Amino acid sequence: MATQALTTTVRRRGRALAGTGGRTAALFLVPFFAVFAIAMIAPVIYSLVLSFHSQQKSGLGFGEAKTVFVGLENYVQVFQSETFMEGIARLGLYCLIYIPCMVGGAVVFALLLDASVAKARKLFQLLVFLPHAVPGVIAALIWAYLYTPGISPLVQALQGGGIQINFLDAHMVLPSIVNIGVWEWTGYNVIILFTALQAVPREILEAARVDGAGEIRAAVSIKFPLILPALSVIMLFTIIGTLQLFTEPSIISKATASVTSTWVPNLWAYDAAFIRHNLNQAAAASVIIAGLAAVLSLTVTRLSSRMNKS
């Protein structure tokens, strides 16, 4: 009986402590959820509301503007815009070039760093990660300088070697912007993949080497399949980040006329909001971009789940 009473007392105290801990945790979480609601949820709801309304003036256009519910009219106008659809197509081409180059490069660098033949790993990790430490605006400004004919030492060096190339003309500006993105983000993803590679059981690799597998065979057959979950996360965030492309083309547009104010969807939305002062169409474009990101994210997540299960 004494033991049972003691057990009951311990359980009651445990429940009391759990309840106190839960209230304490909730108290500390309140500021986070408050800021999250104000900074994230409220703007999303406001954008949705804006996208279904429009500002219209009565009479000959000299009257006071009134907010009118127009349903899907803003979305229809956005999809009917040739510049917006061209921006979507251009962004799709950017993804097709950028994602394989950046992710593929990150995988190769991570595997090389993890190979037993790699020397001075810490130094190489620092050198690879260093470009990511440079803010995106600064990186775009640096590359805009390196791309601009007449002042760029890179262009002058290529011309000295008999290579005539204009990184900012209409045919080269897209690969040039891809290069900026690859330079910025490869090192960051290398660190993620290299960390995942450190979790690969060394016993498996030693057994493979005993069986005669070299570094390349071990990397392809053992290491790469085991880091697929980390690679899936990288793909997910890369796609989301790619759809938000804005900084690099906006900076490069100051150096060349090949990049217009509506070159990608985010620039189109910015132009609609702050140049054409049409917040409703800008909100509709933003919702479309967010919806596209959600669909692609869901697709990548499902494909990654199937690959990891298989």
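**Aromatic rings and a buried asparagine**

Biologist: Which residue has its charged end over the ring of Trp268?

Modeller: A charge sits over a ring if NZ of Lys or CZ of Arg is within 6 Å of the ring centre and within 35 degrees of the ring normal. Here the charged end lies 4.8 Å from the centre of the Trp268 ring, and it belongs to Arg276.

Biologist: What do these values rest on?

Modeller: This is a predicted model, where local features need pLDDT of at least 70, side-chain atom pairs count only at pLDDT 80 or more, and totals for chains, interfaces and linings use all residues. Residues are numbered from 1 along each chain as its sequence is written, and side-chain values use heavy atoms, with hydrogens and water left out. 

Biologist: Is the aromatic pair of Trp143 and Tyr147 stacked, edge-to-face or tilted?

Modeller: Rings of Phe, Tyr and Trp (its six-membered ring) pair if their centres lie within 6.5 Å; planes under 30 degrees apart are stacked, over 60 edge-to-face, and the rest tilted. The whole structure has eleven aromatic pairs. In the pair of Trp143 and Tyr147, the centres are 5.5 Å apart and the planes are at 40°, so the pair is tilted.

Biologist: Is Asn280 buried or exposed?

Modeller: Buried means under 20% relative accessible area, exposed over 50%, and partly exposed in between (1.4 Å probe, protein chains only). Asn280 has 5% relative accessibility, so Asn280 counts as buried.

Biologist: Which residue's backbone oxygen does the side chain of Asn280 reach?

Modeller: The side chain of Asn280 comes to 2.9 Å from that backbone oxygen. The oxygen belongs to His53.

Technical notes: Polar contact = N/O pair within 3.5 Å; in protein donor to acceptor, adjacent residues only side chain to side chain.
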